[in-house]
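Please look over the model below with these notes beside you.

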Amino acid sequence: MIDYDRLKARAFAPVEQSYTTRDTILYALGLGLGADPLDAAHLRATYERDPGFCALPSMVNVLAGPGFWAMEPDTGLTWQKILHGEQSFTLHAPLPPEGTILGETRIVDIIDKGEGKGALLYSERRMTDKATGTLIATVEGTSFARGDGGFGGPSGPVKDVHAMPEGEPEAVFDHKTLPGQALIYRLSGDYNPLHADPEVATGAGFKQPILHGLSTLGVASWSITAALADGDPSALKHLQLRFSSPVYPGETIRTEMWRDGDAVSFRARVVERDVVVLNNGLARLG
């Protein structure tokens with residue numbers, strides 16, 4: 001069972017991660033970019049000699065993290081029943097195409113939804129450039145610990161969910177994922193066999209390995225800048241969303257957008273199954 005005070009005060013050692021231009025390109029390939037080698041927007045993220053070459057902002061999600069720490073026995077968590085519920089990131093400065101990042105993680109709060117209803121874990125990671133000390137990004141996540149409610153912790157406050165606009169989207173962008181996309185994306189650091197091993201996937205109730213949720217997030221992030229920022233990935237300064245359903249590699253992710261100044265409400269659905277996979281999204285361009 002969760003010990004609220006102990007888990008909330010859990011100390012995470014700072015994580016130092018160096019990455020190269022090759023890693024930056026590999027991350028972009030793991031989103032399915034490069035499928036059209038003549039598309040200038042693809043080349044900005046996949047060809048180091050392109051004049052506009054830059055790291056995709058969503059790459060901060062895979063850098064300098066603490067790993068799947070919920071598996072450690074002192075947490076009191078039933079790690080097998082944990083789902084990734086929400087994710088957000090804010091860029092305070094551009095992510096360099098290569099460098100060394102320092103990540104410091106903390107648990108912000110743990111919400112007890114009640115016996116049999118699970119718990120919410122809110123976490124935050126602040127990332128700085130080791131060479132300059134510049135704060136690059138703040139990454140926040142919500143994990144849904146389905147098997148760990150009823151430990152006597154606080155029942156709130158729960159984070160607000162971004163409300164989606166009514167009516168038809170003002171912009172739509174389709175991105176066809178690659179059949180082998182999960183096998184590429186996992187090389188950016190998430191080696192969960194659910195995304196690679198057919199037996200593990202079918203044992204978990206899926207017809208085949210599923211795409212990483214953070215790969216789907218990356219696709220939506222890039223799609224927003226492709227549709228609304230002239231293909232300039234660095235225009236994205238903030239993004240938040242809820243994960244609502246998995247994607248199978250090879251499916252088409254359609255990002256639907258409603259713009260209000262620099263704010264963009266969005267959701268993403270799989271075209272082939274007409275299933276919403278990302279919801280309650282909010283991005284900010286600058």
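1. The largest nonpolar core has 48 residues, and Leu95 and Leu239 touch the most other members. A nonpolar core is a set of buried Ala, Val, Leu, Ile, Met, Phe, Trp, Tyr and Cys residues joined through side-chain atoms within 4.5 Å. Buried means under 20% relative accessible area (1.4 Å probe, protein chains only). Helix 6 (residues 213–228) gives this core its largest share, six residues. Helices are DSSP runs of H or I, at least four residues, and strands are runs of E, at least two, numbered from the N terminus.

2. This is a predicted model: local features need pLDDT of at least 70, side-chain atom pairs count only at pLDDT 80 or more, and totals for chains, interfaces and linings use all residues. Residues are numbered from 1 along each chain as its sequence is written, and side-chain values use heavy atoms, without hydrogens and water.

3. The chain is divided into domain 1 (4–145) and domain 2 (171–285), with bounds from an automatic or database domain assignment. Their C-alpha centres lie 15 Å apart. In contact (heavy atoms within 4.5 Å) are 25 residues of domain 1 and 27 residues of domain 2.

4. Across the interface of domain 1 and domain 2 the rule finds two salt bridges. Each needs a side-chain nitrogen of Lys or Arg within 4 Å of a carboxyl oxygen of Asp or Glu. Strand 2 supplies the largest share of the side of domain 1 that touches domain 2, eight residues.

How values were computed
Buried < 20%, exposed > 50% of the residue type's maximum accessible area, 1.4 Å probe, protein only.
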